[in-house]
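Colleague: Could you walk me through this one? I'd like to go through it question by question.

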There are 2 protein chains.
Amino acid sequence: MENHDHISNQFDNDLESIRNHVLSMGGLVETNVKNAITSLLERDQALAEEVAKADFKVNQMEVEIDEECTQIIARRQPAAGDLRLVLTAIKVITDLERIGDEAEKIGRYAQTLASKKAKTGMHLELQTLGEKVSSMLNKTLDAFARMDASQAMEVVGLDIRIDEEFDRISRLLVSHMMEEPKNIKSMLRVSWCARSLERIGDHAQNICEYVIYSVHGEDVRHADIDKVKKEYLSKQE
Amino acid sequence: MENHDHISNQFDNDLESIRNHVLSMGGLVETNVKNAITSLLERDQALAEEVAKADFKVNQMEVEIDEECTQIIARRQPAAGDLRLVLTAIKVITDLERIGDEAEKIGRYAQTLASKKAKTGMHLELQTLGEKVSSMLNKTLDAFARMDASQAMEVVGLDIRIDEEFDRISRLLVSHMMEEPKNIKSMLRVSWCARSLERIGDHAQNICEYVIYSVHGEDVRHADIDKVKKEYLSKQE
């Protein structure tokens, strides 16, 4: 995190503590997401069950960090610039908690899919989507850890690739469903998992937007993000 | 909002201003959700287009209220109890903004569905789900307006009914898809709309949890909410 001459060392320590706690929470969420994807791909019922149960710890960490941030604002009464950093942490953990919820949902669907042993295909596509989402989440946490707005900008662009992959999976699911109507139920579960992965990308994008906002002190959310995405696309082509 | 003897009149005015702005934003989001549902049910392409475009105003309001809250915390440096009220507003608008996103998504799917003229059935079921979601959102904003924790507790229970309705629609969709595989693509769009409505219920639940948290000054999120839901179910049976 950058140095601010105008804030006390004690406040720096407070920020460092918040940052470490958010990163611990992020690490746990990352593990849950990875396990959720593995349980889905490998049809690993035991792992899926573990993932579905692991979310309570994420929720607990959110509550604790939220309280820590509130106490620090009340006690240190930071000026607007520093306040933004703490408010960023409060928002980041909300999205991390929701990513945890999505991992839990994937775990639940993976449990049912493993028990049904239905052939739904889509292994390669889900793997690709899973890898893109895991990588985006990892880079997001990294951008937060270093409060690196330019990295966060780049990560925002990755969400387009995830949306594209999700659209591709949706189209494939439709053909598969038409070909094998008896597997529709299972394939609908696969589609919920794909949707959850796509949502994780959206939450990672939110976190990146908070980082950019926090660093630049101006609001790049919403309107400007579309511009960033377009620039990213034009650089790729 | 309750009176707090220890805070200044000016701070009361600030809170009142935040409250009014959040309620304006809530009113706009409510309208967008209602229009999204109508456009879906009536296959009204013009209205669907309007909904898909209306979200920018919601985003703009979120940015403005977020800034207002940050400035008030920085300027007034409220104590922990009052600070919680402002932080509640910051979190409430995040969920309102995401509800707006879901309305926008429904609008986009409704646009395509209207243009395809595919028969997907489910009119009655979507209407029921839409009404439950609209009603929950309305009660949620009411609980926030009056900072009424016991009303918020009741509203949290409503989410169970929405989840049940969503599950019912998902089961019906599977049968419909099996019966008419050529309509699978359109029915998948209907399922995304149902999913978005269900998500709106989740966001409304989040807002209720913030209200309860703000009033009781203790964190009832996550763990205790399951208890509240169970109590609600047992009272209904």
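**Chains A and B**

Modeller: Let me start with burial: 47% of the 237 residues of chain A count as buried, that is, with 20 or more other C-beta atoms, placed from the backbone, within 10 Å of their own. Please note that this is a predicted model, in which local features need pLDDT of at least 70, side-chain atom pairs count only at pLDDT 80 or more, and totals for chains, interfaces and linings use all residues. Residues are numbered from 1 along each chain as its sequence is written, while chains are lettered from A and ligands numbered from 1 in the order in which they are written.

Colleague: Thanks! Which pattern does chain A follow along the sequence?

Modeller: Helices here are DSSP runs of H or I with at least four residues, and strands are runs of E with at least two, numbered from the N terminus. Chain A has seven helices and zero strands. Its pattern is therefore written α-α-α-α-α-α-α.

Colleague: Which element gives the most to the side of chain A that touches chain B?

Modeller: Residues are in contact if their C-beta atoms lie within 7 Å, and the contact takes 27 residues from chain A and 27 residues from chain B. In chain A, the elements giving two or more residues to that side are α2, α3, α5 and α6. With seven residues, the one that gives the most is α3(A).

Colleague: And how many residues of α6(B) are buried?

Modeller: Helix α6 of chain B covers residues 184-216 and reaches 47 Å from its first C-alpha to its last. This helix is mostly covered, and of its 33 residues the buried ones number 28.

Notes: The expected span of a helix is 1.5 Å times one less than its number of residues. A residue is buried if 20 or more other C-beta atoms lie within 10 Å of its own, exposed if 12 or fewer, and partly exposed in between; C-beta atoms are placed from the backbone. Two residues are in contact if their C-beta atoms, placed from the backbone, lie within 7 Å.
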